[in-house]
Amino acid sequence: MLLPLTAEWRAARERKRKAIAFLSALRRDPDEQDVRWLAQVAARDDQDHARWELRYARLALGVLTAQRDALDDRTGSEVAAALGEVVAMDPSVDPLMLDLVRRQLNDRLAGYNEALIAKGGRAGTGERLGRVLLAFASDGARSAGAPLPRAVELLSAYMAEANEALRAVYGAAELPEHLPPSEAAAR
């Protein structure tokens with residue numbers, strides 16, 4: 001039996017296409033200079049490990065950006081759902097390692113999310129995010145003296161990149177200049 005191509009089905013399919021397009025925009029490999037830096041300061045010169053940590057960071061921060069900044073409340077959950085497909089299509093992921101990659105990515109999502117929502121303390125959000133990257137990339141003690149400002153700068157750039165991709169794929173908010181956002185929403 002063929003399913004009818006309803007407007008609702010087409011809309012859901014278009015939302016899924018956009019979610020995959022958004023994540024695909026974030027799938028490029030990290031800059032080699034960043035890989036070398038992270039490997040040197042935190043990953044015992046293991047460039048493969050550093051490269052994966054930067055890939056995970058970019059994807060995790062992209063998903064969290066979509067959940068936090070998207071215009072439509074469904075976008076974040078649709079991007080998170082599409083993440084499994086994007087990871088499975090990634091040519092750098094060995095199919096035999098897919099379960100491990102998904103677990104590691106989920107760990108990074110949880111760690112970066114915790115850093116984003118944490119309140120209080122002396123550290124700002126950027127510093128907390130930087131510490132998460134350095135912690136995942138190292139054994140803890142190795143990154144104690146690591147240059148945190150570079151990690152903060154790198155992850156801030158990843159978040160800005162995710163916001164840019166979000167606007168490119170889903171569109172930017174358009175508010176009338178003469179109305180405050182709360183008044184525009186009421187109309």
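How much space lies in the largest pocket? About 170 Å³ lies there, in a predicted model for which local features need pLDDT of at least 70 and side-chain atom pairs count only at pLDDT 80 or more, while totals for chains, interfaces and linings use all residues. Residues are numbered from 1 along each chain as its sequence is written, and side-chain values use heavy atoms, with hydrogens and water left out.

A pocket is defined on a 1 Å grid over the protein atoms alone, as an open set of points where a 1.4 Å probe fits, with protein on both sides within 12 Å along at least five of seven lines; lining residues have an atom within 4 Å of a point. Grid points are joined across faces, edges and corners, and the volume is the space filled by probe spheres set on the points. The largest pocket is lined by 13 residues, of which Trp52, Tyr56, Leu100, Val101 and Gln104 are the closest to its centre. Helix 3 (47-69) and helix 5 each supply at least two lining residues, and helix 3 gives the most, with five. By class, the lining has six nonpolar, three polar and four charged residues (nonpolar: Ala, Val, Leu, Ile, Met, Phe, Trp, Tyr, Cys and Pro; charged: Asp, Glu, Lys and Arg; polar: the others, Gly among them).

The protein has eight helices and zero strands (DSSP runs numbered from the N terminus, H or I of at least four residues for helices and E of at least two for strands). Of its 187 residues, 40% are buried (under 20% relative accessible area, with exposed over 50% and partly exposed in between; 1.4 Å probe, protein chains only). Val79, in helix 4, counts as buried at 0% relative accessibility. The C-alpha atoms of Val79 and Lys16 are 7.8 Å apart in space, although the two are 63 residues apart in sequence.

Twelve salt bridges are counted (a side-chain nitrogen of Lys or Arg within 4 Å of a carboxyl oxygen of Asp or Glu). Glu14 pairs with Arg17, the closest N and O atoms being 2.6 Å apart. Both belong to helix 1 (residues 7-25), where a spacing of three residues separates them by about one helical turn. Glu14 is partly exposed at 32% relative accessible area, and Arg17 is partly exposed at 45%.

The salt bridge between Arg15 and Glu78 has its closest N and O atoms 2.6 Å apart. Arg15 lies in helix 1 and Glu78 in helix 4, so this pair ties together parts that are 63 residues apart in sequence. Arg15 is partly exposed at 23%, whereas Glu78 counts as buried at 18%. For Arg58 and Glu161, the closest N and O atoms are 2.7 Å apart. This pair joins helix 3 to helix 7 (residues 148-170), and therefore ties together parts that are 103 residues apart in sequence.

On the surface, Leu96, Met97 and Leu100 form a nonpolar patch with about 300 Å² of accessible area together. Patches are made of residues with over 30% relative accessible area and no salt bridge, with like charges joined within 9 Å and nonpolar side chains (Val, Leu, Ile, Met, Phe, Trp, Tyr) within 5 Å. Accessible areas come from the Shrake-Rupley method with a 1.4 Å probe, and for residues only the protein chains shown count as cover. Met97 lies in the loop between helix 4 (74-89) and helix 5 (98-117), and is partly exposed with a relative accessible area of 38%.
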